[in-house]
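Hi,

Here is the structure I promised to pass on. Have a look at it first, and my notes follow below.

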Amino acid sequence: MSPQGQELVELLANPAGVAVVGASSNPQSPSGRPVDYLTRFGFKGSVLPVNRRSGQVAGLDTIPDLNEAASGAVDVALITVPAPAVVPALADAERAGARAAVIIGSGFEDRESPQRRALDEFVANSPMRVIGPNCVGTLGTEHAAYLTFSSVLRTERPQQGPVGLVTQSGALGNSLLQTLIRRHVGLCQWFSTGDEVDVGALELVTGLLGRDEVAAVGLFLEGIGDLDWLARLEEVLQDEGKRLFVLKAANTGAGRQAAAGHTGRVVGSAEASRAILAEIGAVEVPTLSALADALVVAGTCSPVISARAPRVAIVSVSGAAGVIGSDRVTGHPGLAMADVGEQAKTMLRSRIDARLTPANPLDVPFLDNTAAFADAISAFGAAGAADVVVAVESGLAHDREELAVKLISAAGPVAIVLR
């Protein structure tokens, strides 16, 4: 049986054996990086470099083609050869027992070209699942399954965590990967889907959300190709209580034409796609930075993401900033101002400066008193009255290094707004 949804996602997260077809001995080249990443980052399964020239890649002996692979040695094949050699390589991988293949090469954008037709025909008649072509690949952090040539990994490596990522663009996915790494957000898996001749974005999102390890998924979407996965995706979102954040592109005629040009993907109405995503419970975000911010919160403060209307407390050095913040929170349908009841007031009084009166928003109008400001922020977390504390601070009033040190041990998530 062909692996579907969560089974496919888990196969790519932890394959027993990986073949890299077209593997280069140059670890800096796109076809040399996957073997370098797999061996350097500690992948525990077998790695089989395939290269018609005999020799070694990353210290591993090569074989000229997959017909020489031992039976059952290959779960997943990573295809890095030029477009004319892709379909023969896929056929070899299928005969070797691979259940999935990832094609990173391009050259299949023209749907009427002989190469694309041959690829479509292979996919239609094979039980092996295919991701790509024209993608950056996939990666899973738990088992170091780095089936990718991502340039980010040459110098940086993601930590393991609860965020999943699916991007129909490899370059944009690389950017998000780098952002998550540099903002210390743990990643479970990333899938770059490319032209989607077989496996589509919605299937992978559904599989990711079904994993216990995943709290939220970020999706960059140009067009929806696998509509048959919508019902299952909606069911998973409702049953699991997890979040799907979507950045939808190709919203104009020019954007749709551009998407078709670089992937060959047919992109339908933006309005229809948005309506579909809203109906199943996905959260659309307007920009790449907003998608990154949502994933940062999901990766570091998952209780805030799972709460239907997170309770927000505002601590400010400026009364006006507190007023503005209260307006923004109250006017947002997905947020609520934290209610400071008598029990919370008692807790706050015991922790904040005696000159302050417990309230939300809480104005801490002291210059050069970083400790009082930090204590007020921490007090809200300790009182349990809020799911998140938004602190509006000023470099004119506080020592930011001191503030950062004090807030490291603060209870609950804190968002700092710099003024």
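Start with Leu244: leaving aside neighbours within four places in sequence, Leu244 is in contact with Val205, Val217, Leu219, Leu233, Leu237, Ala282 and Val283. Keep in mind that this is a predicted model. Leu244 sits in the largest nonpolar core, which has 76 residues, and together with Leu12 and Leu219 it touches the most other members. There is also a second, separate core of 28 residues, with Val50, Ala89, Ala91 and Ile103 among them.

Now for the sheet. It is an open one, built from 5 strands in the order S2-S1-S5-S6-S7, and the pairing is parallel. Strand S2 (46–50) and strand S7 (129–131) are the edge strands; each has a single partner strand, so one side of each is left without a neighbour in the sheet. From one strand to the next, the twist averages 20 degrees.

How many of its residues are buried? The count is 5 of the 5, so S1 is largely enclosed by the rest of the structure. In general, side chains in a regular strand alternate between the two faces of the sheet. Here both faces of S1 are covered, with Gly17, Ala19 and Val21 buried on one side and Val18 and Val20 buried on the other.

S1 pairs with two strands you can check on screen:

- Ala19 stands opposite Leu48 of S2, while the bridge partner of Val20 in S2 is Pro49.
- With S5, S1 also pairs in the parallel sense, over 4 bridges. There, Val18 has Val76 as its bridge partner.

As for how the chain gets from S1 to S2, it goes through helix H2 (residues 33–40), and this β-α-β crossover is right-handed.

One more helix to look at is H3 (residues 86–95), which lies across S1, strand S5 (76–79), strand S6 (100–103) and S7. Helix H3 runs at about 165 degrees to S5.

That's what I have so far.

Cheers

Notes
Residues are numbered from 1 along each chain as its sequence is written. This is a predicted model: local features need pLDDT of at least 70, side-chain atom pairs count only at pLDDT 80 or more; totals for chains, interfaces and linings use all residues. Side-chain values use heavy atoms; hydrogens and water are left out. Two strands pair if DSSP finds at least two bridges between them. Axes are lines fitted to C-alpha atoms, for helices over the stretch in contact, and angles run from 0 to 180 degrees between N-to-C directions. Contact means heavy atoms within 4.5 Å. A nonpolar core is a set of buried Ala, Val, Leu, Ile, Met, Phe, Trp, Tyr and Cys residues joined through side-chain atoms within 4.5 Å. Buried means under 20% relative accessible area, exposed over 50%, partly exposed in between (1.4 Å probe, protein chains only). A crossover is right-handed if, with the strands pointing away from the viewer, the path from the first strand over the helix to the second runs clockwise.
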